[in-house]
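The sequence and the model come first.

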Amino acid sequence: MNQTMNNWNVQLIGMLAIAAAVFGVFWAAEGIEEAWPSAAILLGFIAILHFGRDRSDTLNVMSGVGDERTRSLYTRAVAFAGSVMAFVLPGWWLVTVAQGDPDRTLTILCAIFGVTFIAGVAVLARRS
């Protein structure tokens with residue numbers, strides 16, 4: 001993992017920026033009455049992560065920040081989630097194809113997933 005991302009403050013700033021972007025986009029598209037609940041949910045989740053990471057090993061591992069054990073568990077969790085998505089996305093796409101209306105968004109997501117997986121494997125194979 002990138003050393004910059006292995007810093008809780010950088011991750012916190014990134015999460016707050018995402019929350020601000022969600023608030024701004026919802027406000028522009030749907031109005032303030034739709035924007036504030038979305039932002040409140042995200043801010044609540046950020047607060048749980050920020051204040052709970054020292055009290056919960058699960059929250060600590062979710063950040064990927066910490067010692068070698070934490071980073072290893074994070075890597076394994078991400079690999080598991082990626083493996084699940086490697087079956088869910090194409091399966092969902094095939095259902096839309098079978099229904100006669102292939103979902104273009106799912107097609108693009110499957111392509112992005114496949115390309116980034118192959119690129120990640122190629123880069124990591126060369127580095128080790």
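Two residues are said to be in contact when heavy atoms lie within 4.5 Å. Helices are DSSP runs of H or I with at least four residues, and strands are runs of E with at least two, both numbered from the N terminus. This is a predicted model, in which local features need pLDDT of at least 70 and side-chain atom pairs count only at pLDDT 80 or more, whereas totals for chains, interfaces and linings use all residues. Residues are numbered from 1 along each chain as its sequence is written, and side-chain values use heavy atoms, with hydrogens and water left out.

The protein chain holds 5 helices and 0 strands. Its radius of gyration, taken over C-alpha atoms, is 18 Å, well over the 14 Å that the globule rule (2.2 Å times the number of residues to the power 0.38) gives for 128 residues, so the chain is more spread out than a compact globule. Along the principal axes, the C-alpha atoms fill a box of roughly 50 × 45 × 25 Å.

Two of the helices are set out below, with the expected span being 1.5 Å times one less than the number of residues.

| Helix | Residues in helix | First to last C-alpha | Expected span |
|---|---|---|---|
| Helix 4 | 31 residues | 45 Å | 45 Å |
| Helix 5 | 24 residues | 34 Å | 34 Å |

In helix 4 the buried residues are Thr70, Leu89 and Thr96, and their cover includes helix 3 and helix 5. Helix 4 is followed by Gly100, which has a positive phi near 90 degrees. At the start of helix 5, a side-chain oxygen of Asp103 comes to within 2.8 Å of the backbone nitrogen of Thr105.

A search of the whole structure for salt bridges (a side-chain nitrogen of Lys or Arg within 4 Å of a carboxyl oxygen of Asp or Glu) finds 1. Asp57 pairs in a salt bridge with Arg69, their closest N and O atoms lying 2.8 Å apart. Because Asp57 lies in helix 3 (residues 57-63) and Arg69 in helix 4 (residues 68-98), the pair ties together parts that are 12 residues apart in sequence. Asp57 counts as partly exposed at 39% relative accessibility, and Arg69 counts as partly exposed at 44%.

Asn60, also found in helix 3, is buried, with a relative accessible area of 19%. Leaving aside neighbours within four places in sequence, Asn60 is in contact with Arg53, Val65 and Thr70.

Notes: Polar contact = N/O pair within 3.5 Å; in protein donor to acceptor, adjacent residues only side chain to side chain. Buried < 20%, exposed > 50% of the residue type's maximum accessible area, 1.4 Å probe, protein only.
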